[in-house]
Amino acid sequence: MKKYLTLFTLLFLTAAIGVTTAICAIAQGHDDVTLTENVLIGDAASADGLIVTTMAGWYGRLHWNTVHAVGAEPMTECDYTQMRTNYSGTGYSSLYPLQMSTEPALGMDFTKVLDDNGLSMGEVTSRNFEMTLSDGRSFKEAVSDPSLGIAAAYNRLYVDAPIGEEVSDIVRLADYYDYYPINLTVQLPGVIWTHNDFKELSEYTPGTEADAVHKFREYFKIPVLADETLEIHLTRNANGGMSWGSSSVSGADMFSMNPFSAAGENACYFTFSTLTAQGNTVDTSEIAGGYGIYRIPFRAGTSTSDTGFDADSIEMVYPLTPGVEIEGMYLNTAGTHLLFVTKQDDRTARVEIIELSSMTCRQTFAVNIGDGYFSHIKVYEDYSVIITNETLTVLSESGGVYTKEFTADIVDDGAERLYITSRIPTAFDGIRLAVVNPLRDAFGLELCGYYVSVYTAAGCVYHAVFESSLDTGGAEDGTWSSGYNTELHEIAVAFE
């Protein structure tokens, strides 16, 4: 026993010494973080007044807050601390706070038939599902009733499936639904939404998730495509469980709502695409308020029986033409205007500035997307940036009135274009737009170094890469070395 204890102690001490060595190595000279500049385009003076701040850490133990003044006379200051708490981050909210989907709840479900007949799953499986119910139907007939939705197709496969053998079938959605069974995902401030209360019930308690889903299905009645099909498959396990799945059928048309939404303080605005996978337009004639942009009020909920989501007050507030190709929907920071993006043709996107108080379009802007595609809009307090995969367009805002400042090609670093995702920080001083892209290693992980790009009406006037002395480990030649790797937690940019 002593021999094994001694061996364990040696191994532990060796590991501890290794960790201590790593900490000492990376902490040595901790207060002189170095950023090495390599100017690729323009002159550093074009970035005068620009400040980049970063927060980085090593295994939650060592932390560096760095302030970097970019420009002709660069300066770097670093606040270094040691602590034994991990960085939790600020998190990122969902791009669309209200989402609707047409995908039915997939998988087997015997619940209704069992409850209606006072049976348990153990009872029916012990008889291999061979029993007659009080209404004269066999159990297999009852659980295969199309009124149960797509679960009936899974049930039918399950009751006849050999143990351990995968079975499959191709089903037509219109055989189980007249209208798409819309489901909701809600991430609104204060609204209590667990995504657990979606049972098909005959009665709905107002204020619950099930009631909200029911109200949405009643309001948004969209007939199921006659030819939409789904391939389902499952394997019945010996213990009574199952593994299951589904896939779309090649060549068949299908409809996914592809929703868009934006939330203010007490109301959410939303819409969805009416286009099918093959570019056809679904029938929206039975939607209660017609097709367009909708508004629904919300408030802080108190419980799962009072979610704070007012599904009784859905209203269509801005009509749209069915078949329009929607690209995005955004709310300005003041909560007074929507920026609504549609595709006009293969080379042009249209941005409508919609005033919420009157639900009237006050301005429109055309964005040339060339041979690329619209990506997103970054919305700030006094400006917005329209991003395509190839260009950026800056709109300044004052009192709800927008002015197009300029459009510029996004810089290409020589290997590939630097994509500006929704997480990439920018800053605008009225003339210059600055963009900061973190460097990435061979595994795609963000490093502590970064690119800095400055754009004006003349295009990209400055583009440089700054390599950080904190990036002492990471990936080299596709090999991961974690001993000295630091992690970038946050990065921001601003003009003085």
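Student: Is R137 buried, partly exposed or exposed, and what's its relative accessible area?

Tutor: This is a predicted model, to be clear. R137 comes out partly exposed, at a relative accessible area of 30%.

Student: Which residue sits across from R137 in a salt bridge, at 2.9 Å?

Tutor: That's D135, and the 2.9 Å is between the closest N and O atoms. D135 is partly exposed too, with a relative accessible area of 48%. R137 also meets the side chain of D145 in a salt bridge, at 3.2 Å from N to O. D145 counts as partly exposed, at 25% relative accessibility.

Student: And which residues get joined into one network by shared partners?

Tutor: E130, K140 and D160 are joined that way, through salt bridges.

Student: How many salt bridges turn up in the whole structure?

Tutor: The search finds 15. One of them links D116 to K112, with the closest N and O atoms 2.8 Å apart.

Student: Where do D116 and K112 lie?

Tutor: Both are in helix α2, residues 111-116. They are four residues apart, about one turn of the helix. D116 counts as exposed, with 53% relative accessibility.

Student: OK, sheets. What's the strand order in the open sheet with three strands?

Tutor: The order is β6-β8-β9, with antiparallel pairing. The edges are β6 (166-172) and β9 (242-248), each pairing on one side only. Neighbouring strands are turned by 20° against each other on average, direction ignored.

Student: How many bridges join β8 to β9?

Tutor: Seven, with β8 covering residues 229-236. For a specific pair, L230 has S248 in β9 as its bridge partner.

Student: Which helix packs on that sheet?

Tutor: α5 does, touching β6, β8 and β9. The direction of α5 makes about 35° with that of β8.

Student: Last one, N155: which helix is it in, and is it buried or exposed?

Tutor: N155 lies in α5, residues 151-160. N155 is buried, because its relative accessible area is 0% and buried means under 20%.

Student: What does N155 touch?

Tutor: Leaving out residues up to four places away in sequence, N155 touches M108, D109, F110, V143 and L148.

Key
Residues numbered from 1 in each chain as written. Predicted model: local features only at pLDDT ≥ 70, side-chain atom pairs only at ≥ 80, totals over all residues. Heavy atoms only, no water. Helix = DSSP H or I, 4+ residues; strand = E, 2+ residues; numbered from the N terminus. Buried < 20%, exposed > 50% of the residue type's maximum accessible area, 1.4 Å probe, protein only. Contact = heavy atoms within 4.5 Å. Pairing = 2+ DSSP bridges. Axes fitted to C-alpha atoms, helices over the stretch in contact; angles between N-to-C directions. Salt bridge = Lys/Arg side-chain N within 4 Å of Asp/Glu carboxyl O.
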